[in-house]
Amino acid sequence: MDTMHVKTYLSRIGFAGPAEPRLEVLRSVHISHLMSVPFENLTVHSGGRIQLALPLLYAKIVDQRRGGFCCENNGLFAWLLSELGFQVTLLSGQVKRVTTGRYGPPFDHLILLVSLGGQRWLCDVGFGSASFSIPIFLETSVPQEQGHRVYRVRKDSGMHFLEWQQEENRGPDGDWTEIYKFTLEPRCLEDFDEMCRYHQSSPCSVFFCKSLCTVLKPDGRLTYIGSRLSSTTYPSEATGAVLKTTTRELKDEEIAGVLAEGFGVVLNSPLIPKDEMVVPVPDIY
C-alpha cells in the first residue's frame with residue numbers, strides 16, 4: 001500500500017471539514033483522532049506482534065478500527081498529516097515514570113513536530129491520561145491552557161521538557177510535573193523498531209505488564225487496565241462538573257463487551273488480561 005485512502009482515514013476519525021494544511025485543521029484532526037482512536041496495547045495481550053509498517057498500521061487502525069500505542073498512532077497520524085500537506089518531523093521522546101521518577105530510554109516515545117507558516121507545533125495522539133488535546137505551540141515557554149489543564153514546554157541545554165499542572169494544582173504557584181523530554185533531531189519510523197520490540201517484551205515496560213486501552217471522551221476519559229474500567233469526568237465551568245473518577249472491577253467474560261461498547265475495539269483473538277507491577281528501569285537516562 002503506497003498511497004493512503006485519506007477520505008477513509010478522515011471518516012474513521014469523524015472529521016468531515018475541509019482538509020487543508022491550516023492550523024484550524026491541524027487542531028481539529030488532532031482532537032478528532034484522540035476521541036476516535038484509542039491508545040491501547042491489546043495486540044500484545046491477544047497473541048499478536050506489533051510491526052511498524054505503515055500499511056499494517058493503516059489496516060489495523062483504519063480498516064479494523066483499532067488503536068495502538070505511540071509508534072502506531074503517531075506513526076500513522078504523521079502519514080495522514082503529510083498527505084494533507086503538512087510538514088511533519090518524527091521526534092524521539094523519553095517518558096518520565098511516575099513510580100520511579102526516572103526517564104525511559106531514547107526512542108521510548110514517538111512524537112511529532114509540525115511546521116506551519118514558520119512556526120512549530122508539538123502533536124501527540126499516542127499518549128495516555130496526561131495527553132494534551134490540541135497541538136502545543138513550541139515557540140514559547142509560556143503556559144498554555146487547554147480547558148481544565150495547563151501545559152508548557154521548558155527548554156534546558158538542548159533538551160525540551162513537556163510539563164503540566166494537574167487539575168488540583170493549577171495556578172501561578174502550582175508545581176509543574178514533567179511528562180516527557182525530547183530533542184528536535186529528526187527521526188524515521190524505523191528508528192523505533194528496537195523500542196517497539198522492547199515494549200512488547202520487557203518487564204520494565206507498562207505495555208508488557210498491563211493490558212490497557214484508553215480514549216478521550218467529550219466530557220472526560222474512559223480507561224481499561226487489566227480487570228478494571230475507570231471513567232473520569234473532567235471539570236467544566238459550563239456544566240458545573242467537577243473532577244471525578246469511578247472505577248469498577250470487570251469479570252473476564254465482561255471485558256470483550258466493554259472494549260467493543262466503550263472503545264469500539266473488537267479483537268480477533270482472545271485477550272489475556274494482565275495487570276502486573278512494572279519493574280523499574282535499571283539505567284538512568
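Begin with the second largest pocket, whose lining has eight nonpolar, six polar and four charged residues by class (Ala, Val, Leu, Ile, Met, Phe, Trp, Tyr, Cys and Pro count as nonpolar, Asp, Glu, Lys and Arg as charged, and the others, Gly among them, as polar). The model is predicted, so local features need pLDDT of at least 70 and side-chain atom pairs count only at pLDDT 80 or more, while totals for chains, interfaces and linings use all residues. Residues are numbered from 1 along each chain as its sequence is written, and side-chain values use heavy atoms, with hydrogens and water left out.

Select S133, H148, L216, P218 and Y234, which lie nearest the centre of this second pocket among its 18 lining residues. A pocket here is an open set of points on a 1 Å grid over the protein atoms alone, where a 1.4 Å probe fits, with protein on both sides within 12 Å along at least five of seven lines, and lining residues have an atom within 4 Å of a point.

Next, select V98, G128, S129, A130 and V206, the closest to the centre of the largest pocket among the 49 residues that line it. By class, that lining has 21 nonpolar, 17 polar and 11 charged residues.

Finally, select residues 54-63 and 70-83, helix 3 and helix 4, which pack at an angle of about 105° with their axes 10 Å apart (axes are lines fitted to C-alpha atoms, for helices over the stretch in contact, and angles run from 0 to 180 degrees between N-to-C directions; helices are DSSP runs of H or I, at least four residues, numbered from the N terminus). That angle makes helix 3 roughly perpendicular to helix 4, a term for angles of 65 to 115 degrees. Show the side chains of L54, L57, Y58, K60, I61 and V62 on helix 3 and of C71, E72, N73, G75, L76 and W79 on helix 4, the residues that make the contact (heavy atoms within 4.5 Å).

How values were computed:
Helix = DSSP H or I, 4+ residues; strand = E, 2+ residues; numbered from the N terminus. Parallel < 35°, antiparallel > 145°, perpendicular 65-115°, else oblique.
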